[in-house]
Every structure is written in structure tokens, then in C-alpha cells.
Amino acid sequence: MRRSGSVRKSIQVDEENPYWISFSDIMSGLLVIFILASLALILELTHTKMEVNDAIREIAKAEQVRRDILREVETELKNKNIPIEISDNETVLRIPETLLAFETNQYRIPNTKEVSESVLEIGRVLHDAISKKERWKYLDTIFVEGHTDNRWSSRNMGNWGLSTFRAISVWNYWNKHLPEEESLERLVNHDNRPLFSVSGYGETRPTQLVQKTEEDYQKNRRIDIRFTVRRPALEEFENVRKLMDKNEP
């Protein structure tokens, strides 16, 4: 009779508290919430890691494409007995003074058949290497850079002007003589903007530091072709950084 009374009392308690939850139910619920929160954190960390890895891969790919272009151009031209050098940590193609030697205080390309044909062939090989496999998508700008020796030019704007005009001379020569299907002027970068530009550095970046003889001076009167690659935009880096900051404990 007493057992029957106890069961009756329990039933009465449940009936009086219809929302009663046992301790084990509470713990089970908390465990589920913890597992879901952990999964969400893991997914977010995985996403952040993928974004960082993508940015690193993009930079590495662009660097590799630049190296491929420079080496391919160098090899192709050497096979045609046209000497060209790779310099500045594999970012620059240098046309040496033994191939294209500007006269003192002059910016025009020497009017000889050998020099003219070699300069034109450089432009042609450049076009093919850049167009191959849509490599231009990984490039930002290719600068045709002019340089002078350290003797001051009496021309308008001095050595800055003289070096810039040397770069313009080479650029204009390519645009005038390359056929339309090999035009460098029509090439665009990853952002659909003109790929090539010209610049002049005057005497500020000599390859021959000691300049006392005519041979020394001549080494610095040259043309460099500098390749800059596409980088992830600042906004992309900022987005990744925000995600990483958000995930820090």
C-alpha cells in the first residue's frame, strides 16, 4: 500500500510540472550545442586557411610565370644569336650594350640592319612568350626602361629626358614595325589595361659603377625590360586578415 502511494506522489509531481527537464536532458542539450559550435569554428578556420593558401598560391604562380617568360625569351633569342641577359632576381630582361649601343647623348636606335633586326626580333619573341597560355593574366606591367651614363646631358630635361626618350625609341620601333598580329601595343594585363609602359631612370641605376672610360659609359647606356606581376589587391589581404582576427581566441 505504501509503494502505491509513492508512485502516486511522483505522478502528481509530473502532472504539476509539465515542463520539467531532467538533469541528463540538460547535459545532452549542452553537449549538442558544444558540438555544433565546434563544427562551426572548424569550418570557419578551414575557410580562412583556404583563403590564405589561395592568396599564397596566386603569388607563387605569378612569380613562376614571370620566370618562365624570361627564360623562354632568353633561350629563344640566344638560339638566334641575339644576346640578352636576365637580371635583378629574374625580374628584368636586359638588352646589353653589345647589341644595342646608344651613342653619347643620343636616343635613336643605331641605323644598322643588324641592330634593327635584332631589336625587332626581341619584340616578336616577347609577344609570343607573353601571349602563350594567357600568361598576360598574371602580369601587371612591363616597363621598357631607358638608362644613361653619369655624364650630364645638355638635352631638354637632362639625363631623365634622355633615358626616357631611349625607352620611347625602342617602344615606337616595335609599334611601327611589328605586324598587327604581333603588336605589343594591343596586349593587356589582368585588369584589361595596356600591359606595356615606358620609363626613364637617367643615371640612377648603373650596371657599371665605376665610369671612367668610354667602355664603362657605354655599359650604362642601355634598355631594361622590367616585368611586374599581379598581386592580390589590398582589399583581398584585408578580408583575409579580418577573418584571421575574428578567429583568434
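Helix α4 covers residues 158–177, and its 20 residues should span 28 Å at 1.5 Å a residue; the end C-alpha atoms lie 29 Å apart, which agrees. The expected span is 1.5 Å times one less than the number of residues. Helices here are DSSP runs (H or I, at least four residues), strands are runs of E with at least two, and both are numbered from the N terminus.

A word on the model: it is predicted, so local features need pLDDT of at least 70 and side-chain atom pairs count only at pLDDT 80 or more, while totals for chains, interfaces and linings use all residues. Residues are numbered from 1 along each chain as its sequence is written, and side-chain values use heavy atoms, leaving out hydrogens and water.

Back to α4. Its buried residues (under 20% relative accessible area, 1.4 Å probe, protein chains only; exposed is over 50%, partly exposed in between) include Gly158, Leu162, Val170, Trp171 and Trp174. Among the elements that cover the buried residues of α4 are α3 (113–131), β3 (139–146) and β5 (223–229).

Which residues have the most contacts inside the largest nonpolar core? They are Ile122 and Trp174, in a core of 39 residues. Such a core is a set of buried Ala, Val, Leu, Ile, Met, Phe, Trp, Tyr and Cys residues joined through side-chain atoms within 4.5 Å. Helix α3 gives the most to this core, with eight residues. Leaving aside neighbours within four places in sequence, the contacts of tryptophan 174 (heavy atoms within 4.5 Å) include Val119, Ile122, Val144 and Ile225.

Zooming out, the protein chain has six helices and five strands. Buried residues make up 37% of its 249 residues.

Now to the charged pairs. A salt bridge is a side-chain nitrogen of Lys or Arg within 4 Å of a carboxyl oxygen of Asp or Glu, and by this rule the count comes to 22. Three of them are shown here.

| Pair | N to O distance |
|---|---|
| Lysine 132 and glutamate 72 | 3.3 Å |
| Glutamate 117 and lysine 113 | 4.0 Å |
| Glutamate 180 and arginine 186 | 3.1 Å |

Lysine 132, in the loop between α3 and β3, and glutamate 72, in helix α2, are 60 residues apart, so that pair links distant parts of the chain. Glutamate 117 and lysine 113 are separated by about one helical turn because they are four residues apart in helix α3. Both glutamate 180 and arginine 186 are exposed.
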